[in-house]
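Hello,

Here is the structure I promised to hand over. My notes on its salt bridges follow below.

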Amino acid sequence: MGETIKIACATNDGINLTKEHFGEADQYLVYELDDQKNLRFVEKIKNNSVEEKMHGDPRKAASVSSLLKDMHVLLCCAMGKNVIRMRKKYCPVISKDTKIEQALQRLKDKYDELLKEAHRTTGENREIIRI
């Protein structure tokens, strides 16, 4: 069996990706994608990260990162200035589909690309993937 990729989906309602920046979501739904392109729901994580003092606040990025430390991919419709910091640890995926289920289905075709990005060294910029 191959490797599993952990994906955090930014959402407010559990159905749609938030239209706000990734770090502003109320919660993150976590899924695993395996090499056979099977998706499995893992958990829901409440976003209790610190509030931004300014747009692109590095404390906000660090706080969200601590919630999602085991993730490989951050899935959303929009990223703010902190994408610069977050892509050093995670592969950001920006979806034109707002429905989580549809966006996850589109991600299945990107498994190899996502795995490559997941294997980058921490601190090395990962590609921002658009689906």
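Glu113 is partly exposed, at a relative accessible area of 34%. Here, buried means under 20% relative accessible area, exposed means over 50%, and partly exposed lies in between (1.4 Å probe, protein chains only). The side chain of Glu113 meets that of Lys110 in a salt bridge, 3.8 Å from N to O. The term stands for a side-chain nitrogen of Lys or Arg within 4 Å of a carboxyl oxygen of Asp or Glu. Lys110 is also partly exposed, with 25% relative accessibility.

A word on the source: this is a predicted model, where local features need pLDDT of at least 70, side-chain atom pairs count only at pLDDT 80 or more, and totals for chains, interfaces and linings use all residues. Residues are numbered from 1 along each chain as its sequence is written, and side-chain values use heavy atoms, with hydrogens and water left out.

The structure has six salt bridges. Another one of them pairs Arg106 with Asp97. Their closest N and O atoms are 3.4 Å apart. Arg106 is partly exposed, at 31% relative accessible area. Asp97 is buried, at 18%.

Next, Glu117 and Arg120. They form a salt bridge, with 2.7 Å between the closest N and O atoms. Glu117 is buried, at 2% relative accessibility. Through salt bridges with shared partners, Glu117, Arg120 and Glu124 join into one network.

Best regards
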